[in-house]
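Morning, everyone. I'd like to walk you through one structure today, from its overall build down to a few side chains. Have a look at it on the screen first.

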Amino acid sequence: MKRVLLKGGRVIDPASGLDGVRDVLVVDGRIAEVASEVQDGGAERIDCAGRLVLPGLIDTHAHVYEHVTGSFGLNADLCGVQSGVTTLVDQGGPSCMTLPGFRHFVAEPAMTRVVAFLSAYLVGGLEGHYYSSLYRPDCLDIGATVRVAEANRDLVKGIKAHAELGGFARWGVEVIKSAAEIGRRARLPVYIHFGQLWPLPHQDGKTVDPDSILTQVLDLMKPDDILAHPFSRHPGGFVSKNGGLHPLVREAVARGLKIDVGHGSHFSFNVARTVLDAGIIPDTLGADMHGHNTRAAVPADPDGGASDAHLFAGKTRFSLVSAMTSMLALGLSLEQVVPMVTVNAARMLGLQDETGHLRVGGLADVSVLSDERGRWILTDNEGTKVQANRLLEPVFCLRAGQMVRADAAILPSLSPA
């Protein structure tokens, strides 16, 4: 049997309330012991002193339908285990038509655990919804999407939809109503993207008050549905036109809705400061990496456009772990951030019995991070700079007990300021 001993790291397991220096023994791919001192002369010993030993990180917002969603989809293991992350949630890449391909070509071959929030749209997440005419109300099939979700519950953990300013200007709330109906029938959470991505149409001159979007969407959602991108710099989200927190955000939380950071290219430190200062703390944290905000080699756009000119392009590089660093720089504590990428994320997926913890007997999904002190400057795509005094970086992870070094070329690198 393969035996690995993680020695002397700071073990944080919010699911069990554990936070302290511990040894973690892994035997044959499962957690065998977590204790102050573990003696096992036959184990491969890995010194984790000064490092964080966490339940395998869960990225709640990924785009990994590689080769099918155009230049948007990244390789799952590049974003996953090679970035120190053991579980990925593809947000809206596969649809009811394309899920079999996602299972066969992405989820099954990946070393990373990969699950999906099924797109509410028949075409799925082609080019990140760049071609907006594919996402109109008659491009959904509620019944087919429900049937596919119910037949693939091991893989489908939710439904993905959009509440964007451009979409509202084209067809109002109809698409969101259909997505909400799919979620109700399939008994799955619906993940709603907020914030402008598509440009407004010029042909009909129709305009939308961005502050009205949350108002229209809120009554369609049920407890445990998820509002994404609370820190987006685009209109139509958590911050009103007057620069303050949208008055319905607190009501949404009171109704039992969840909030996912969904970092992405549109992440704004200024918006995040406004939302956090109002006392709104997200439940989960997803990176939202894709082919236009990383340095990964991806296929050319169908129209021949360069990646750095794409509508969704971003110059600032990030990962799930660097997003954790950003949360710390904004004033959240490590004790607040770790649950976002472990136990809270596992609950969001209904996988709390399988992952998100370091329970003895459980599968050995473990992420080990360095935890450095110093001074670094973080920058968002608005050019806002924030000082970080603490830097987290992935070192390696164990996926079902198998070690993978966190050496993905897409990982950001920061030099001390």
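So, the surface: the protein exposes about 15,700 Å², and carbon and sulfur atoms supply 49% of that. Keep in mind that what you're looking at is a predicted model. On the inside, 60% of the 417 residues count as buried.

Now the overall build. The secondary structure comes to 11 helices and 15 strands. The radius of gyration is 21 Å, close to the 22 Å that the globule rule gives for 417 residues, so the protein is as compact as a globular protein of that length. If you draw a box along the principal axes, the C-alpha atoms fill roughly 75 × 45 × 45 Å. And take the contacts with a separation of 6 or more: residues 24 or more positions apart account for 78% of them.

Let's go to the aromatics. A pair of aromatic rings is described by the distance of the centres and the angle of the planes. How many aromatic pairs does a search of the whole structure find? The search turns up 5. One of them is Tyr65 with Phe102, an edge-to-face pair with 5.1 Å centre to centre and 80 degrees between the planes. Where do these two sit in the chain? Tyr65 is in the loop between strand S6 (57-62) and helix H1 (76-79), while Phe102 belongs to helix H2 (residues 99-107), so the pair ties together parts that are 37 residues apart in sequence. Tyr65 and Phe102 are both buried.

Next pair, Phe231 and Phe267. The ring centres of Phe231 and Phe267 are 6.1 Å apart with the planes at 75 degrees, and with over 60 degrees counting as edge-to-face, that is why this pair is called edge-to-face too. This pair also links distant parts of the chain, 36 residues apart. Phe231 is in the loop between strand S11 (226-228) and helix H7 (249-254), and Phe267 is in the loop between strand S12 (258-260) and helix H8 (269-277). Buried or exposed, what about Phe231? Buried, with a relative accessible area of 1%. Phe267 is buried as well, at 2%.

Most residues other than glycine have a negative phi, and most peptide bonds are trans. Against that, look at Asp224: its phi is positive, about 75 degrees, although Asp224 is not a glycine. You'll find Asp224 in the loop between helix H6 (211-218) and S11. With a relative accessible area of 45%, Asp224 is partly exposed. Asp288 also has a positive phi, near 60 degrees. Asp288 lies in the loop between H8 and helix H9 (320-329), but this one is buried, with a relative accessible area of 5%.

On to charges. Side chains of opposite charge can pair when their charged atoms come close. The count here comes to 22 salt bridges. Take Glu354 and Arg113, whose closest N and O atoms are 3.2 Å apart. What does this pair tie together? Glu354 sits in the loop between helix H11 (343-349) and strand S13 (366-379), and Arg113 sits in strand S8 (residues 113-119), so the bridge connects parts that are 241 residues apart in sequence. Glu354 is partly exposed at 42% relative accessibility, whereas Arg113 is buried at 13%.

For a local example, go to Glu181 and Arg185, which meet in a salt bridge at 2.9 Å, N to O. Glu181 and Arg185 are 4 residues apart in helix H5 (residues 174-186), so about one helical turn separates them. Glu181 counts as partly exposed at 24% relative accessibility, and Arg185 does too, at 43%.

Then there's Lys222 with Asp225, where the closest N and O atoms are 2.8 Å apart. Asp225 has 2% relative accessibility, and because buried means under 20%, Asp225 counts as buried.

Key: Residues numbered from 1 in each chain as written. Predicted model: local features only at pLDDT ≥ 70, side-chain atom pairs only at ≥ 80, totals over all residues. Heavy atoms only, no water. Phe/Tyr/Trp six-rings, centres within 6.5 Å; stacked < 30°, edge-to-face > 60°. Buried < 20%, exposed > 50% of the residue type's maximum accessible area, 1.4 Å probe, protein only. Salt bridge = Lys/Arg side-chain N within 4 Å of Asp/Glu carboxyl O. Rg over C-alpha atoms; globule rule 2.2 N^0.38 Å. Contact = heavy atoms within 4.5 Å. Areas by Shrake-Rupley, 256 points an atom, 1.4 Å probe, with all protein chains shown as cover.
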